[in-house]
Amino acid sequence: MEKFNLVHYPPWYLPVWRLRFSEAIWDNGVILAWGKKVYCKFTLDNSLIAHEKVHLKQQRFSYIYGLWWLVKYSFSARFRLLQEIPAHQAEYRLNPNDVVPQRLASSLYGNLITLRAARKLCRNI
């Protein structure tokens, strides 16, 4: 697997991202992936790293393709859900806790799925 960097400063696009996703607050621990970097103010556990690695792989570890991915993720709820399901499944494998499907079903991603469906999808690995 390609290498990535975990950095503890916000990405340049965070102010624009917040226009679309108001819950993406840096000081609250929002985690963002782009190209070959994972951005988070705090240290991440292995399950969250696994989640973010899925997003980097979806972006082909490319800043150019990653930029296209971020735009599509922002404006297509269907695309966003299709990207988040495997990321949450990877996280759930390492942390089989109900917090994972609760987050998938939350307003953080736009309430795209019910909690019941999120639980089923996370456990269906």
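## Phe42

Phe42 sits in the loop between β3 (37-39) and α2, where helices are DSSP runs of H or I with at least four residues and strands are runs of E with at least two, numbered from the N terminus. The model is predicted: local features need pLDDT of at least 70 and side-chain atom pairs count only at pLDDT 80 or more, while totals for chains, interfaces and linings use all residues. Residues are numbered from 1 along each chain as its sequence is written, and side-chain values use heavy atoms, with hydrogens and water left out.

With a relative accessible area of 40%, Phe42 is partly exposed; buried means under 20%, exposed over 50%, and partly exposed in between, with a 1.4 Å probe and protein chains only. Not counting residues up to four places away in sequence, Phe42 touches His8, Asp27, Asn28 and Gly29, a contact being heavy atoms within 4.5 Å. Phe42 and Leu32 are 10 residues apart in sequence, and their C-alpha atoms are 12 Å apart in space.

## Largest pocket

The largest pocket holds about 450 Å³ of space. Its lining has 23 residues, and those closest to the centre are Val30, Ile31, Glu52, Leu108 and Tyr109. Pockets are found on a 1 Å grid over the protein atoms alone: a cavity is a set of points where a 1.4 Å probe fits but cannot get out, whereas a pocket is an open set with protein on both sides within 12 Å along at least five of seven lines, and lining residues have an atom within 4 Å of a point. Grid points are joined across faces, edges and corners, and a volume is the space filled by probe spheres set on the points.

At least two residues of this lining come from each of β2 (32-34), α2 (46-58) and α3 (63-75). Helix α2 gives the most, with 4 residues. The lining of the largest pocket is made up of 15 nonpolar, 4 polar and 4 charged residues. In this scheme Ala, Val, Leu, Ile, Met, Phe, Trp, Tyr, Cys and Pro are nonpolar, Asp, Glu, Lys and Arg are charged, and the others, Gly among them, are polar.

## Second largest pocket

The volume of the second largest pocket is about 180 Å³. Its lining consists of Trp12, Tyr13, Val16, Trp17, Arg20, Leu67, Leu70, Val71, Ser74 and Phe75. Two or more of these residues come from each of α1 (14-20) and α3. The largest share, 5 residues, belongs to α3. By class, the lining of the second largest pocket divides into 8 nonpolar, 1 polar and 1 charged.

## Salt bridges

There are 4 salt bridges in the structure, each defined by a side-chain nitrogen of Lys or Arg within 4 Å of a carboxyl oxygen of Asp or Glu. One of them joins the side chains of Arg103 and Glu91, at 2.7 Å from N to O. Arg103 lies in helix α5 (residues 99-104) and Glu91 in helix α4, so this pair ties together parts that are 12 residues apart in sequence. Arg103 is partly exposed at 22% relative accessibility, whereas Glu91 is buried at 1%.

Asp98 and Arg119 also meet in a salt bridge, with an N to O distance of 2.8 Å. Asp98 is in the loop between α4 and α5 and Arg119 is in helix α6 (residues 115-123), 21 residues apart, and the pair links distant parts of the chain. Both ends are partly exposed, Asp98 at 22% and Arg119 at 27%. A further salt bridge connects Asp98 with Arg123 at 4.0 Å, N to O. Since Arg123 lies in helix α6 and Asp98 in the loop between α4 and α5, that pair ties together parts 25 residues apart in sequence.

## Arg80

Arg80 is located in helix α4 (residues 77-94). Arg80 is buried yet has no salt bridge, and the nearest side chain of opposite charge, Glu84, is 7.1 Å away; Lys and Arg count as positive and Asp and Glu as negative, with His and the chain ends not counted. Beyond four places in sequence, Arg80 touches Phe21, Tyr73, Ser74, Tyr109 and Leu112. Of these contacts, Ser74 also lines the second largest pocket, and Tyr109 is among the residues closest to the centre of the largest pocket.

## Ile113

Ile113 lies in the loop between α5 and α6 and is buried, at 14% relative accessibility. Not counting residues up to four places away in sequence, Ile113 touches Leu81, Leu104, Ala105, Ala118 and Leu121. Ile113 and Pro15 are 98 residues apart along the chain, and 26 Å separates their C-alpha atoms.
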